[in-house]
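Subject: Two-chain model, handover and findings

Hello,

Here is the structure you asked for. My notes follow below it.

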Amino acid sequence: MAHPLLSVPGKAKRGEIVEIKALIQHEMETGFRVTNDGKTIPRDIITEFLCKYNDEEVFRAQLFPAMSANPFLSFFTTATESGTIVFEWSGDNGFFATASASISVE
Amino acid sequence: MPQKHSPRDHPGPTRRQVLNQGLTFVGSSLALWIQPARATPEAMRAAMRNVTGEATVGKGKVKIELPALVESGNAVPLSVSVASAMTATDYVKSIHVFNERNPQPNVLGVRLGPRAGRASFNTRIRLADSQTVVAIAELSDGSFWSESVDVIVTLPACLETL
């Protein structure tokens, strides 16, 4: 459960705008689906996604049940210095997952 | 001489009664069918007001891309970008995406800053029906800009039974 998949360029030029992609395995159960015997399946989604570049927040997303299963986000950031990019996902039922990637900037 | 039957000779319901019953049945089953809770354009507007407050929302600057015809509403590629210089003084603060006819009007809201370099993101969303999807961007000067796109969904997501 919850395998994050990242795409972060390993190397970049200083000031270059780089694309970052992050996907995590998660059902994203909407809370609107009903089983055959009429029971509503309780909501279980990721509600918050956060990306930090050397401890500075660069991108944050609030997610709702309208996000697809295995939520995927791609976005941009400016490569300022070498370091670590950390990703955090948190959600219902105490869900928390984290992943990181390093980037070297010349 | 053959006996003449008056229309009310036989017992049981008249044709009119039968037809009326049929209509009532069709009517009530239609009402049941329409019942599932859906966000409405009004709910979407309320959700948008939660973000924009009383500010006026300009048309433009935002580009929202969805396929015009979607086969499965379970994972629809969405891409939103905003025309902005993304400098320390002129940048996009946040982008919110809303829909008209899913069970809830919100899809996602992202926060970014001047460091993003480019105000743009891609994701995959669920769509429960053919509808209008709206993106609203808040700029660093406090102004709001929006754009909408219509999408046709042939196999909806969200409400299926298991």
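What share of the contacts in chain B with a separation of 6 or more comes from residues 24 or more positions apart? The figure is 70%. Contact here means that the C-beta atoms of two residues, placed from the backbone, lie within 7 Å. For chain A, residues 24 or more positions apart account for 60% of the contacts with a separation of 6 or more.

First, the ground rules. This is a predicted model, in which local features need pLDDT of at least 70, side-chain atom pairs count only at pLDDT 80 or more, and totals for chains, interfaces and linings use all residues. Residues are numbered from 1 along each chain as its sequence is written, while chains are lettered from A and ligands numbered from 1 in the order in which they are written.

Chain A

Chain A has zero helices and eight strands. Both element types are DSSP runs, numbered from the N terminus: helices are H or I with at least four residues, strands are E with at least two. In sequence order the pattern is β-β-β-β-β-β-β-β. The radius of gyration of chain A is 16 Å, well over the 13 Å that the globule rule gives for 106 residues, so chain A is more spread out than a compact globule. That radius is taken over C-alpha atoms, and the rule is 2.2 Å times the number of residues to the power 0.38. The C-alpha trace of chain A spans about 60 × 20 × 20 Å along its principal axes.

Burial in chain A stands at 31% of its 106 residues. A residue is buried if 20 or more other C-beta atoms lie within 10 Å of its own, exposed if 12 or fewer, and partly exposed in between; the C-beta atoms are placed from the backbone.

Two backbone angles deserve a look. Most residues other than glycine have a negative phi. N54(A) has a positive phi of about 45° and is not a glycine. N54(A) sits in the loop between β4 (46-53) and β5 (56-63) of chain A. It is partly exposed, because 13 other C-beta atoms lie within 10 Å. N70(A) also has a positive phi, about 55°, without being a glycine. Its loop runs between β5 and β6 (72-78) of chain A. N70(A) is partly exposed too, because it has 16 C-beta neighbours inside 10 Å.

Chain B

Chain B holds two helices and nine strands. Along the sequence they read α-α-β-β-β-β-β-β-β-β-β. Of its 162 residues, 35% are buried.

Strand β8 of chain B (residues 131-139) is mostly covered, with seven of its nine residues buried. Two strands pair if DSSP finds at least two bridges between them. β8(B) pairs antiparallel with β5 (residues 92-99) of chain B over seven bridges. β8(B) also pairs antiparallel with β9 (residues 144-155) of chain B, over eight bridges. A137(B) ties into both pairings: it is the bridge partner of I95(B), and it stands opposite W145(B) in β9(B). The hairpin of β8(B) and β9(B) has four residues between the strands, and G142(B) there takes a positive phi near 90°.

Where the chains meet

How many residues of each chain are in contact across the interface? There are 25 in chain A and 30 in chain B. On the chain A side, β5 and β6 are the elements that give two or more residues. β6(A) gives the most, with seven. By class, the chain A side has 15 nonpolar, eight polar and two charged residues. Nonpolar covers Ala, Val, Leu, Ile, Met, Phe, Trp, Tyr, Cys and Pro; charged covers Asp, Glu, Lys and Arg; the others, Gly among them, are polar.

An open sheet of six strands includes both chains, in the order β1(A)-β3(A)-β6(A)-β7(B)-β4(B)-β2(B), with antiparallel pairing. Its edge strands are β1 (4-7) of chain A and β2 (62-65) of chain B, and each pairs on one side only. Neighbouring strands are turned by 15° against each other on average, direction ignored. Axes for that angle are lines fitted to C-alpha atoms, for helices over the stretch in contact, and angles run from 0 to 180 degrees between N-to-C directions.

β6(A) joins β7 (residues 120-125) of chain B through three bridges, running antiparallel. F75(A) stands opposite F121(B) in β7(B). L73(A) has T123(B) as its bridge partner in that strand.

Best wishes
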